[in-house]
Amino acid sequence: MLPAPLLQADRALHALHQRRSFSQHLNPTNGPDACRAFRSGLQAPPFRYQPTFWADVELRGLDQLEIDEEHPFGALLARAVLGTRLFILALRDRTPGAFDALARHNRWYPDEEILKAARSEVRERDGAPFALGATVMVDALRDALSERGLLDWRVEEDPVMSARVLVDGAKRLLRVSPTARFRQRDIARLVVHEIEVHAIRASNGENQLLKLFATGLPGSLETEEGLALYAEECSGSASPGTAWRQGVVVQAVEWARTMGFRELYQRISDSAAPGLAWGVSERLKRGLSDPSLPGVYAKDIVYYRGSRRVRAWVDAGNPVRHLYVGKVGVDDPVQQWLDEGLISLQPLPRVFRA
């Protein structure tokens, strides 16, 4: 058994993530209007956000947690608590400095090696039409959850999103933007990406003693998104040009550290279409109260870097099954934890069954 104080702190952190939808405070509530204002000539879009009146209460609650960092899982839980604290501070203060602290804690900034790789990606276009609306995707995701036995998971439309689809594992919820359009292949791709990686890893993590395996171990997000892209490739549903687009994002993360919104948008537009330039700029500047200033929400680097690391990890002979004990990363000592009886193996999704 794990120590009672460790379990209590773990459950308190998980309950916080169940109470609060961070993405709804990170993403602008007026995205389309802000886009029109920016394209009419404003230096930066006038983003508005849902207020975070709850932030100080949750921060005080985190401060009261008692965690024994001598336990094998104690240091991990303490780092996860710190990451949550930094995220709340970023959402409360909305300053470049707060988002910089969050990025440094999570090691999101690109190094020269990953920047060089990103610059070398070859552009590939996807000519398939966006023929499907959000309702079709909602129905497809609901059917896929049911087929996989995830009967306590829900799919809802959510207008406060910068992504078309996202998973809130703590709430067992998939969110779909009601204004999103999709290609036909996106049905199979997003079932693999959102359900067979994000939802199933979260669901498997719920079966471990620590809820941290469902909310996500520190550093697991890079593996999470990298595994999702790798699963798309394995299923044959990956979109053409994904690596090039993610390479643009990596470079834009570095540019956004010293550029305001307009300069960033124009720099991306040198090689990308206006729609992509807007989408990347919005995602990297979201959360900031003044996007005209240098500063970045740098999380999106995890897709490109994660896909490269997961592919290399699997190619080195490591078992994908280890990545399905919950939301763990490729650097976590999963085999050691299994040998010590601290965690147990969990089912693999269809995409990785032999």
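Helices α9 and α11 are oblique to each other, a word kept for angles that are not under 35 degrees (roughly parallel), not over 145 (roughly antiparallel) and not from 65 to 115 (roughly perpendicular). This is a predicted model, in which local features need pLDDT of at least 70 and side-chain atom pairs count only at pLDDT 80 or more, while totals for chains, interfaces and linings use all residues. Residues are numbered from 1 along each chain as its sequence is written, and side-chain values use heavy atoms, with hydrogens and water left out.

The angle at which α9 and α11 (residues 220-235) pack is about 140°, and their axes lie 9 Å apart; axes are lines fitted to C-alpha atoms, for helices over the stretch in contact, and angles run from 0 to 180 degrees between N-to-C directions. Helices (H or I, at least four residues) and strands (E, at least two) are DSSP runs, numbered from the N terminus. On the α9 side, the residues that meet α11 are Arg189, Val192, His193, Val197, His198 and Arg201, and their counterparts in α11 include Thr223, Leu227, Ala231 and Ser235, where contact means heavy atoms within 4.5 Å.

From this helix pair we can turn to the sheet. It is an open sheet of 3 strands in the order β1-β3-β2, with mixed pairing; two strands pair if DSSP finds at least two bridges between them. Its edge strands, each pairing on one side only, are β1 (154-157) and β2 (165-168), and from one strand to the next the twist averages 25°.

How do β1 and β3 run where 4 bridges join them? They run parallel, with β3 covering residues 173-176, and within this pairing Val155 has Leu174 of β3 as its bridge partner. Helix α8 (residues 134-147) packs on the sheet, where it touches β1, β2 and β3, and its direction makes about 170° with that of β1. Helix α9 (residues 186-205) also packs on the sheet, touching β2 and β3, and its direction makes about 15° with that of β2.

Two arginines deserve a look for their backbone angles. Arg172 is found in the loop between β2 and β3, and in this hairpin, with 4 residues between the strands, it takes a positive phi near 55°, although it is not a glycine. With a relative accessible area of 30%, Arg172 is partly exposed. Arg107 sits in the loop between α6 (96-106) and α7 (112-119), and its phi is likewise positive, near 55°, in a residue other than glycine. Is Arg107 buried or exposed? Arg107 is exposed, with a relative accessible area of 58%.

Terms used: Buried < 20%, exposed > 50% of the residue type's maximum accessible area, 1.4 Å probe, protein only.
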